[in-house]
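Student: Could you walk me through how the helices pack in this structure, and how the chains meet?

Tutor: Happy to, so let's look at it together.

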Amino acid sequence: MANKLTFMEMISPPEDISENGHLIDYLFNYTTTLNIFFFVLVCIGLFGFSFLYHRKRHPKAYYTYGNKRVHILVATVIGIAVFIGIDLNITRLSNNDYIGIFINWPDETKEDVVKVQVLGQQWAWNFRQAGVDGVFNTEDDLVTLNDLRVPAGKKVVFQILSKDVIHSLYFPNARRKTDAIPGRITRMWIQFNKPGNYDIACAEMCGTYHYRMKASLTVYEQENYDHWLAEAQQIHDAVNDPEDAGIYWGWKWAPNGKVNKVGMTK
Amino acid sequence: MAFYEQHIHPKPTTFLSKYIFSYDHKVIGKQFLWYGILFLLVGGLMALMIRWTLAYPGQAFPIIGHFLFPETGGAVPPDTYAMLFTMHGTIMIFYAITPILIGAFGNFCIPLMLGARDMAFPLLNMLSFHLAALSGLILMASLFTPLGAAAGGWTSYPTLSTLIGSPGVGQTLWSLAIFVLGVSSTMGAVNYITTIITLRAPGMGYFDMPLTIWGLGLTAVLNAIFLPVLGAGVLLLIFDRVFGTTFFLAGAAATTGTGDPVLFQHVFWIFGHPEVYILILPAWGIVSDQLSFFARKPAFGAKATALSMTSITVLSTLVYGHHMFTTQMSPLLTQTFMTLTMTISIPSAIFFANWLGTIWKGSIRFHSPMLFSLGVVFVFGLGGLTGLYLGTVTTDLYLHDTYFVVGHFHYTMAASVLLGGFAATYFWMPKMFGTIMNEFWAKVHFWITMMGLNGVFFGMMLVGYGGMHRRIYNPFIYEFTQKLIPINTFTTWAAIVMGLAQIIFVINFVHAVFFKKEQASDNPWEVGTLEWTIPSPAPHYNFKDIPVVKCGPHEFGNPNLSGGKDYQYQTEELA
């Protein structure tokens, strides 16, 4: 399969399945355009001057310290052009996306969001959804291992924690990752739009089998999701042992992200 | 301007006092050079094993694989793979680049270019090398401990680097080795700073120093300030590992009390970001000088270049948070670090303009050091610009911990610094060893290295943009990395080509040092800085009479010069 791809297809990032991933792709391409412009300028200078002022073509160097007013002006203009032309531009774009979208948390009291607790461990991802009672860390919670299923078109809010070393929950198809840190809950929200099956990886070095810390993400249409949820709940209730303390690794869901540093509830 | 008399002691006569326990800055510089080249080869071999595994996971490493990993039939096993990339990073940064650029050329160039007979503290200088040797020994020994060497990445984030993730003694030895090396480098840094302040030749103001010395001096300042921070960090890590403290343990992992693993990241990157500039500043200085030397033209805006490097030094201490965007710092901190990071491009753009200004209307001689210096301009341009994607927080959320980061920092730290180190080696060879290296093979070495490293590091950035994350043993178990297999294979072969090209360098170097009969002249490159006013190789105590400096280091093509020379020694007065 790989051989049939063109070079550009080969180096393109994974398919974007999220509502806002295109913002990151846009900023990347925007920065690339500006970078190519400035790097071409550098190369014109580098290769052009190397050719023109080879000692064979230009035996006598022009004596200057580059401290004439015009020289200082040119260097300053280049410095400021790069700063305003690239840096301020991309910083503004990135900052707007970051504040306006990526950390603009959905209001859970008003919006219908899907809540997921994620616990990283060496070398697997545990996912927990609240179950029918809507309360986390109770016996009807739907707990899955390396298997995350969410509906398309709805905001999914993750609260992420690790029980051993630092991991990083990485959705290549949504262009996002957030570290899973022991003793500190981190958050992320993503809206997945395109149904299908995708990879979840761990992006932070977490030990020998870091590369195998792979989970699957299934995005369903809403009705398929509801169907799966009901079926999974049934199976879960049948096999779940409420006496088993091991199933209560979750924590109280602090609404609207009023969490920072918490211990795990029993 | 020298503050005190510099005495001349008799030459050492025994082998030990001459080559092992030498106070002579030139000998210590050479010790660091050999040490660095040795570790460069070890680290390079590790890089090839890493690359091989990424292209052909599970297949035997050619030639030496069966000998090194007999139990897997020659293939690198996953736990060894983690040790390899951890040790590769550690070795290249602390045991190859630092000793070559700072240890070797810092020691060698600072007194010679300042017109001094030795460093301010020769004994401290000797101890600095011996501690570095001890540290290297500890690090290498850790490879032979029962559970093997450290395997938590060169950043060694807790809690992976605590007993929870790394129970073996290797990680403790790693921390100890870094601590000892930190002491060694701090000693060196204090020595460099003192020497630059007190031992400049009479008449030499700070702006009369070559830009190489500016780069080395600023590096020393950063080293002196920030290496103790790293030392403190790894010491606390050792406490956590050996004495059961919980500075960096938290959550389910902490048995008593509670610390914070993110604290280590702060401590590490407060040091770690300046470290990037610690490595690159000497190379910038060397390149700024050599572009002027070989373009036969004064360095364009030398004062502005020096001040730009200084402002980057200051700014580098204020931006470290961009390494931690994914740990979810407060939005205010995130925005602050993003904006501060971006301001670094102002001074960078200014000295880039000055570099191009230096070769503008010059009369360029394309000797091997010049080729390598121009190479630095090219690769650092790429490395610097690709940093922008990682400085803006939203693109970083995608690219963080992918091969894009790996490609980017290899362009800035590995490619630029390596090329700068080669430029320095080819350039100062006559003054160090009294011979000149073969120019033809030097150029062959340059072109193959240049093509190889661009293949490797650009390939890394491509797969990183494709989403492939770092530090994975087998990238092909993911759906989204399948299509990146051909690029990974290409990258590996580029790395092999680049690795093989270094054999040319080693042969050329060893031949010039030990076997070449033909002596180099005192000033083969026709340059006016102080080290070229004395014989090659530099004699015992360098300067019989302390020189008096009368002009700057880049006096080329001055129309008032007479006598057929187009350059002027720093000791000469203009007519």
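Tutor: Let's begin with a definition: two residues are in contact if their C-beta atoms, placed from the backbone, lie within 7 Å. This is a predicted model, in which local features need pLDDT of at least 70, side-chain atom pairs count only at pLDDT 80 or more, and totals for chains, interfaces and linings use all residues. Residues are numbered from 1 along each chain as its sequence is written, while chains are lettered from A and ligands numbered from 1 in the order in which they are written.

Student: Which helix gives the most to the side of chain B that touches chain A?

Tutor: Here 87 residues of chain B are in contact with 82 residues of chain A. Several helices (DSSP runs of H or I, at least four residues, numbered from the N terminus) each supply at least two residues of that side of chain B, including α4 (78-114), α12 (368-391) and α16 (485-515). The helix that gives the most, with 10 residues, is α11(B).

Student: How do the residues of that side divide into nonpolar, polar and charged?

Tutor: Ala, Val, Leu, Ile, Met, Phe, Trp, Tyr, Cys and Pro count as nonpolar, Asp, Glu, Lys and Arg as charged, and the others, Gly among them, as polar. For the side of chain B that touches chain A, the division is 48 nonpolar, 29 polar and 10 charged.

Student: Are α4(B) and α6(B) roughly parallel or roughly antiparallel?

Tutor: Axes are lines fitted to C-alpha atoms, for helices over the stretch in contact, and angles run from 0 to 180 degrees between N-to-C directions. The axes of α4(B) and α6(B) (residues 169-198) lie 11 Å apart, at an angle of about 20 degrees. Angles under 35 degrees count as roughly parallel, over 145 as roughly antiparallel, 65 to 115 as roughly perpendicular and the rest as oblique. Therefore α4(B) and α6(B) are roughly parallel.

Student: Where does α14(B) bend?

Tutor: A bend is the angle between axes fitted to the seven residues ending at a residue and the seven starting there. In α14 (residues 403-433) of chain B, B:Pro430 follows within four residues of the bend, which is about 45 degrees and sits at B:Phe427.
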